[in-house]
Amino acid sequence: MTERDAAGLEVAGVRKTFRRSDGRQLVVLDHLSFQVEPRGFVCLVGPSGCGKSTILNLLAGLLAPDVGHVLIGHEPLSRVSHRIGYVFQKPRLLNWRTVRQNVEFGLRAAGVAGREASDRARAALALVGLDTFADEYPLVLSGGMQQRVAIARALAIEPQLLLMDEPFSHLDELTARAQRRELLRYREKINATVVFVTHNALEATYLADSVYVLAPCPARITATFAVDSPRSRELEDPYVVDVQRAVLKALGVE
């Protein structure tokens with residue numbers, strides 16, 4: 001991928017509502033606005049149920065805003081031809097297909113087949129350190145390894161926008177720390193704009209270039225923090241810890 005392939009993102013004045021079972025409207029997002037520069041890495045942080053996953057589903061084009069707009073690479077989302085990768089909270093792998101076949105499945109869905117699909121699947125698995133497990137089935141892998149397969153599946157399509165929905169939240173802390181460190185390594189080898197949602201302030205400040213704090217439902221940005229530290233940072237970096245404290249304060253956690 002080339003530098004021009006990265007796609008910037010603009011969310012402006014977005015409002016999203018859902019109809020409750022009693023017929024009333026539930027406002028999930030209201031006056032939501034933020035921007036991400038091409039190849040930027042932004043974390044959206046907020047409490048459970050504040051609308052973080054809804055935001056990602058809007059960015060993926062799975063939902064449409066009631067009001068406002070989403071632009072990817074200066075194009076309305078409804079007309080976007082950019083490649084969008086999505087990593088969910090759980091791996092969502094096909095257990096009856098091998099690791100390689102799972103990655104190729106995502107490529108075929110993106111219109112890539114044949115030798116090119118095989119080559120790109122192999123390269124993506126090598127990037128996440130799982131090329132030697134290509135012919136294994138997901139159920140023989142650990143939870144962390146399964147999530148790396150899911151990340152490889154998203155990276156194989158060479159996304160210009162990569163959406164990540166709390167991908168490490170179901171892992172134990174030791175595994176999650178290793179996965180966060182690996183994600184920073186991948187970031188140096190791919191050319192994608194990343195939007196990562198989490199409720200973990202330390203995870204956000206460790207990973208992101210910028211952290212956007214969300215209000216409880218309905219979600220809107222209440223505070224923004226730049227993380228002016230090299231991407232080869234450490235969790236215990238005093239600067240990262242200071243930003244984490246500021247994020248927690250913005251979330252109302254003293």
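These notebook entries record what I looked up in the structure shown above.

**Entry 1: Ground rules**

I note that this is a predicted model, in which local features need pLDDT of at least 70, side-chain atom pairs count only at pLDDT 80 or more, and totals for chains, interfaces and linings use all residues. Residues are numbered from 1 along each chain as its sequence is written, and side-chain values use heavy atoms, with hydrogens and water left out.

**Entry 2: The whole protein**

I began with the overall form. The protein has seven helices and 10 strands; I took helices (H or I, at least four residues) and strands (E, at least two) as DSSP runs, numbered from the N terminus. The C-alpha trace spans about 45 × 45 × 40 Å along its principal axes.

I then looked up the radius of gyration, which is taken over C-alpha atoms, with a globule rule of 2.2 Å times the number of residues to the power 0.38. For 254 residues a compact globule would have a value near 18 Å, and the protein agrees because its own value is 18 Å.

The accessible surface, found by the Shrake-Rupley method with a 1.4 Å probe and with only the protein chains shown counting as cover for residues, comes to about 12000 Å². Carbon and sulfur atoms hold 50% of this surface. Buried residues make up 50% of the 254 residues; buried means under 20% relative accessible area, exposed means over 50%, and partly exposed lies in between (1.4 Å probe, protein chains only).

I also recorded contacts, meaning heavy atoms within 4.5 Å. Among those between residues at least 6 apart in sequence, 70% join residues at least 24 apart.

**Entry 3: The nonpolar cores**

In soluble globular proteins, nonpolar side chains tend to be buried together. I used the term nonpolar core for a set of buried Ala, Val, Leu, Ile, Met, Phe, Trp, Tyr and Cys residues joined through side-chain atoms within 4.5 Å.

Which residues touch the most other members of the largest core? I found that they are L162 and F196, in a core of 52 residues. Helix α4 (residues 143–156) gives the largest share of this core, eight residues. A second, separate core has 27 residues, including V14, V70, Y212 and A219.

Leaving out residues up to four places away in sequence, L162 touches residues including G85, V87, A154, L155 and I190.

I next followed strand β7 (residues 161–165), where M164 is found. M164 counts as buried because its relative accessible area is 0%. M164 and L56 are 108 residues apart along the chain, yet their C-alpha atoms are separated by 7.9 Å. L56 is also one of the contacts of M164 beyond four places in sequence, as are I151, L183 and F196.

**Entry 4: Helix α2 and N102**

I turned to helix α2 (residues 99–109), which holds N102. The buried residues of α2 are V99, N102, V103, E104, G106 and L107, and their cover includes α3 (114–127) and α4.

Is N102 buried or exposed? I recorded it as buried because its relative accessibility is 1%. Beyond four places in sequence, N102 is in contact with L93, L94, R97, P138, V149 and R153.

**Entry 5: Backbone angles**

Just after α2, G111 takes a positive phi of about 90 degrees. I found positive phi values in residues other than glycine as well: near 55 degrees for R92 and near 45 degrees for E166.

R92 is in the loop between β6 (84–87) and α2, and counts as exposed because its relative accessible area is 58%. E166 is in the loop between β7 and α5 (173–187), and counts as buried because its relative accessibility is 10%.

The peptide bond from C217 to P218 is cis, with omega near 5 degrees. P218 lies in the loop between β9 (210–214) and β10 (221–226).

**Entry 6: Cysteines**

How many disulfides are there? I counted zero, taking a disulfide as a pair of cysteine sulfur atoms within 2.5 Å. C43 is in no disulfide, and the nearest cysteine sulfur, that of C50, is 13 Å away. C43 is buried, at 0% relative accessibility.

The sulfur of C50 is 7.8 Å from the closest cysteine sulfur, in C217, so the two are too far apart for a bond. C50 is buried too, with a relative accessible area of 1%.
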